[in-house]
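Me: I have a structure here that is new to me. Could you take me through it in questions and answers?

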Amino acid sequence: TCPHKEILDLAAVPRWYEENSAFLIDNNILQILGMTADEVLDIAGRNTESEHYVCKDISSAIHEAMLAGGMDEELVDILYPARKSPLYLLSNQTGIEGSCAILSDSFLQETARQLGTGGLCLLPSSRDEMLAADIEAVNDIAKFKDAVMSVNRNLRATRPNNVLSNSVYCYNATTHSLSILQ
């Protein structure tokens with residue numbers, strides 16, 4: 001078992017980061033460190049809030065990933081022409097375990113300001129990222145829920161240990177609160 005903090009239907013767990021990898025801090029590691037669960041969770045909370053997160057238009061993020069994967073820029077432009085998307089990718093700078101961006105109130109505030117909205121619709125994509133949209137532009141929550149559940153069921157798209165939740169979330173920038181969209 002490991003220390004955790006329940007947030008709606010999610011469990012925030014502390015991880016130790018080394019370069020481009022991370023491992024879970026379980027009770028055995030707590031004993032080795034001589035720390036309590038509360039102490040580790042407090043440190044994890046401060047680290048999460050001070051993490052450097054990114055918010056990118058999903059089209060730009062896909063374009064960048066294709067180029068980073070070694071594809072020719074002309075081919076990428078033909079296959080995936082730049083276009084404005086209502087979806088944004090939220091993660092940390094490393095792209096590893098970046099879904100914890102949902103736990104950073106200051107980052108969600110900044111994202112809402114960037115999108116010019118009072119609320120965000122948040123979709124769990126994987127442990128590495130979340131997707132976000134202006135809540136006011138979302139007409140059909142059911143479609144978003146169906147998309148999340150479909151991706152989570154598709155083993156080619158998401159490994160079972162990478163699934164966060166089948167829920168879709170709302171961040172209210174005015175009240176600084178997170179809720180599950182029904």
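Reply: What follows covers salt bridges, a helix, a pair of strands and some backbone angles. Please keep in mind that this is a predicted model.

Me: Let us begin with charges. How many salt bridges are there in the whole structure?
Reply: A search of the whole structure finds four salt bridges. Among them is the pair of arginine 46 and aspartate 42, whose side chains meet at 2.3 Å, N to O.

Me: Where do arginine 46 and aspartate 42 sit?
Reply: Both belong to helix 2, which covers residues 37-50. Because they are four residues apart there, about one helical turn separates arginine 46 from aspartate 42.

Me: What does the pair of arginine 127 and glutamate 97 tie together?
Reply: Arginine 127 is in the loop between strand 7 (119-126) and strand 8 (129-134), while glutamate 97 is in the loop between strand 6 (88-92) and helix 5 (105-115), so the pair ties together parts that are 30 residues apart in sequence. Arginine 127 is partly exposed at 22% relative accessibility, and glutamate 97 is buried at 12%.

Me: Staying with glutamate 97, what is its phi?
Reply: Glutamate 97 has a positive phi of about 55°, although it is not a glycine. Most residues other than glycine have a negative phi.

Me: What about histidine 176: what is its phi, and where does it lie?
Reply: Histidine 176 has a positive phi near 60°, and it is a residue other than glycine. It lies in the loop between strand 9 (169-172) and strand 10 (177-180). Histidine 176 is partly exposed, at 42% relative accessibility.

Me: Changing topic to helix 6, what span does it reach?
Reply: Helix 6 takes in residues 141-153, which is 13 residues. From its first C-alpha to its last it reaches 18 Å, close to the 18 Å expected at 1.5 Å a residue.

Me: Which residues of helix 6 are buried?
Reply: Ile141, Phe144, Val148 and Asn152 are buried in helix 6. Seen down the helix axis, the buried residues of helix 6 fall within an arc of 70°, so they line one face. What covers them includes strand 7.

Me: What is on the other side of helix 6, and which residue caps its N-terminal end?
Reply: Lys143 and Arg153 are exposed on the other side of helix 6. The cap at the N-terminal end is aspartate 140, with a side-chain oxygen 3.2 Å from the backbone nitrogen of alanine 142.

Me: Now the strands. Where do the side chains of strand 5 point?
Reply: They alternate along strand 5, residues 53-57.

Me: Which strand is joined to strand 5 by five bridges?
Reply: Strand 6 is joined to strand 5 by five bridges, and the two run antiparallel. In this pairing, cysteine 55 stands opposite leucine 90 of strand 6.

Me: Last one: what is threonine 111 in contact with?
Reply: Beyond its neighbours within four places in sequence, threonine 111 is in contact with Cys55, Leu90 and Leu120. Threonine 111 is found in helix 5 and is buried, with a relative accessible area of 0%.

How values were computed: Residues are numbered from 1 along each chain as its sequence is written. This is a predicted model: local features need pLDDT of at least 70, side-chain atom pairs count only at pLDDT 80 or more; totals for chains, interfaces and linings use all residues. Side-chain values use heavy atoms; hydrogens and water are left out. Buried means under 20% relative accessible area, exposed over 50%, partly exposed in between (1.4 Å probe, protein chains only). The expected span of a helix is 1.5 Å times one less than its number of residues. The arc is that of the directions from the helix axis to the C-beta atoms. Contact means heavy atoms within 4.5 Å. A polar contact is a pair of N or O atoms within 3.5 Å; within protein, one must be able to donate a hydrogen and the other to accept it, and residues adjacent in sequence count only if both atoms are side-chain atoms. Two strands pair if DSSP finds at least two bridges between them.
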